[in-house]
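This report is meant for a reader who is meeting the structure for the first time.

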Amino acid sequence: MSTYSLLANKSSQINKKLLLIKIHYFLGIGGYAPLVPFLSTMAKQRGYSSFIVGLIFAVMPIPGLLAKLTFGTITDKFNCRRMVFVLSVFITSLLVFVMFLIPDTNTKEEMGDSDAIRSPLFWIFWITITLFSATAMVKNVLEDTICMELLGENKHKYGEQRLWGSIGYSLLAIVSGVCIDWYSEEQEFKNYTPCFVISLICFILDIVVVSTIKVVQQSPYTKKVSSDIKKLLTEVKILAFLVWIVLFGFFVSFIWNFLFWYLEDLSNFYHPETKSWIKTLQGLAILIQCFGGEVPSFFLSGFILKRVSHMNVFSIIFFVYALMFFLFSIIKNPVYILPVEILNGVTFALFYSGAISYANLSTPAGAEGTFQGVIGTALTGLGTPIGNLIGGYMFKIVGSIVSFKILSVLALITCIIQIIVNQIINHFSKNININTTS
């Protein structure tokens with residue numbers, strides 16, 4: 001066989017691998033779109049207060065936090081990444097079906113917090129979505145680690161693969177929103193049955209896809225790698241990086257779990273004419289966020305990160321969050337939220353690509369899954385639970401509008417502190433390098 005044929009063969013093989021991971025991202029992340037964005041409004045429709053919903057989402061990631069670290073280490077140590085990956089998608093499908101079977105208890109009146117906690121249905125709902133979240137966290141760590149392995153030396157192209165998750169998420173979110181409004185026509189409450197059906201179809205198809213992805217773990221997990229990870233976590237720049245991850249998780253939790261709640265508040269208070277198609281509007285918000293912000297940002301992330309340092313990108317993101325939260329606080333018509341969602345997409349894509357890339361560049365060989373688990377824990381195991389708990393309390397005590405005004409100030413302060421800390425770390429790093437080489 002000629003050299004040209006060998007190269008063509010190799011290229012075809014690599015492309016096939018990347019094609020499968022793209023399809024997985026489309027289905028595996030897209031499958032969450034019919035459910036995850038609407039969980040807070042499902043809970044609201046059940047009569048739970050914003051504080052109870054905040055409490056649900058605050059505690060919900062804790063099992064996932066433990067699962068991420070545990071399975072990240074297990075898959076590194078026992079070379080079973082592919083098996084756990086397939087199993088996580090299968091369990092996700094089962095949990096979607098269980099969620100579908102939970103009886104509805106829709107009400108227009110808000111339940112007392114103690115009454116909600118005493119309800120058996122509340123605990124069934126909470127436990128099921130908590131397990132759903134934990135499985136999602138494990139799957140998220142594995143899919144990103146596997147993607148990085150498939151990319152080899154082209155790790156900067158991660159965003160080009162991950163953008164297919166945004167495409168799937170956005171398309172299925174708008175389809176789900178339209179289906180909910182259509183299926184709920186002339187009904188007193190929104191009927192979420194189409195969401196469960198669409199989500200279940202996606203995850204079943206994804207089982208087939210992930211079963212065909214070939215996963216090769218290049219480096220064995222050793223005690224030396226474990227020691228290197230511990231040493232890595234003592235470095236000031238890595239600890240600072242983890243703090244920024246936690247703070248990003250704090251801010252993004254308000255968008256993930258309370259923005260749709262806020263949109264429904266605006267609809268009820270100022271524009272009741274939008275209530276009949278509010279789910280379509282929410283789906284459209286995700287569509288614009290993904291196609292207007294996430295997809296182009298994921299696509300360009302490699303180009304941007306090569307020219308702008310990771311920490312400078314994070315500074316820009318915190319500033320954009322300050323602007324975004326301020327805009328949320330002055331909007332009264334929920335339709336006007338749509339152009340702001342472009343900024344939301346840009347910030348998430350750049351931060352996520354930057355975090356995954358920075359973590360992979362900093363990780364000792366053979367422990368990629370372990371350190372990706374640490375990053376995921378900082379984001380969804382610490383940052384978002386804190387944001388959810390404080391967010392639920394703020395929405396209940398001061399209201400959604402004032403909450404976003406406060407968040408705007410906090411994001412701006414975070415941006416300033418992050419820039420100052422970054423400059424100090426860079427200054428001392430340069431001095432250490434000079435002393436070492438002199």
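Is N422 buried or exposed? N422 is buried, with a relative accessible area of 6%, where buried means under 20% relative accessible area, exposed means over 50%, and partly exposed lies in between, with a 1.4 Å probe and protein chains only. The residue N422 is found in helix α16, which covers residues 400-437, and, leaving aside neighbours within four places in sequence, N422 is in contact with M311 and N312. Contact here means heavy atoms within 4.5 Å.

The model is predicted, so that local features need pLDDT of at least 70 and side-chain atom pairs count only at pLDDT 80 or more, while totals for chains, interfaces and linings use all residues. Residues are numbered from 1 along each chain as its sequence is written, and side-chain values use heavy atoms, with hydrogens and water left out.

**The protein as a whole**

The protein has 16 helices and 0 strands; these are DSSP runs numbered from the N terminus, helices being H or I with at least four residues and strands being E with at least two. Of the 438 residues of the protein, 55% count as buried. The protein exposes about 19,400 Å², and carbon and sulfur atoms supply 69% of that area, as computed by the Shrake-Rupley method with a 1.4 Å probe, where for residues only the protein chains shown count as cover. Among the contacts in the protein with a separation of 6 or more, 87% are accounted for by residues 24 or more positions apart.

**Helix packing**

Axes are lines fitted to C-alpha atoms, for helices over the stretch in contact, and angles run from 0 to 180 degrees between N-to-C directions.

| Helix pair | Angle | Axis separation |
|---|---|---|
| α5 and α9 | about 165° | 9 Å |
| α5 and α7 | about 150° | 9 Å |
| α8 and α9 | roughly 145° | within 8 Å |

Helix α5 spans residues 81-101 and helix α9 spans residues 193-212, and at their packing angle α5 and α9 are therefore roughly antiparallel to each other. In this scheme angles under 35 degrees count as roughly parallel, over 145 as roughly antiparallel, 65 to 115 as roughly perpendicular and the rest as oblique. Residues of α5 including F85, V89 and F97 meet residues of α9 including F196, L200 and F203. By class, this contact of α5 with α9 has 14 nonpolar, 6 polar and 2 charged residues, with Ala, Val, Leu, Ile, Met, Phe, Trp, Tyr, Cys and Pro counted as nonpolar, Asp, Glu, Lys and Arg as charged, and the others, Gly among them, as polar.

Helix α5 also packs against helix α7, which covers residues 120-151, and their angle makes α5 roughly antiparallel to α7. This crossing of α5 past α7 is left-handed. Among the residues that meet are V84, L95 and V98 in α5 and F132, K139 and E143 in α7, and the contact of α5 with α7 divides into 14 nonpolar, 5 polar and 4 charged residues.

The crossing of α8 and α9 is right-handed. Here L172, V175, S176, C179, I180 and Y183 in α8 meet T193, P194, C195, I198 and C202 in α9, a contact with 9 nonpolar, 2 polar and no charged residues.

In the loop between α8 and α9 lies E186, which has a positive phi of about 65° although it is not a glycine. E186 is exposed, with a relative accessible area of 80%.

M111 is placed in the loop between α5 and α6 and is partly exposed, with a relative accessible area of 26%. Although M111 and G47 are 64 residues apart along the chain, their C-alpha atoms are separated by 5.2 Å. Not counting residues up to four places away in sequence, M111 touches R46, G47, Y48 and A116.

S301 lies in helix α12, residues 278-307, and is buried, with a relative accessible area of 1%. S301 and A349, which are 48 residues apart in sequence, lie 7.7 Å apart in space, C-alpha to C-alpha. Residues up to four places away in sequence aside, S301 touches G159, L350 and S353.

Terms used
A crossing is left-handed if the near helix is turned anticlockwise from the far one by less than a right angle, and right-handed if clockwise.
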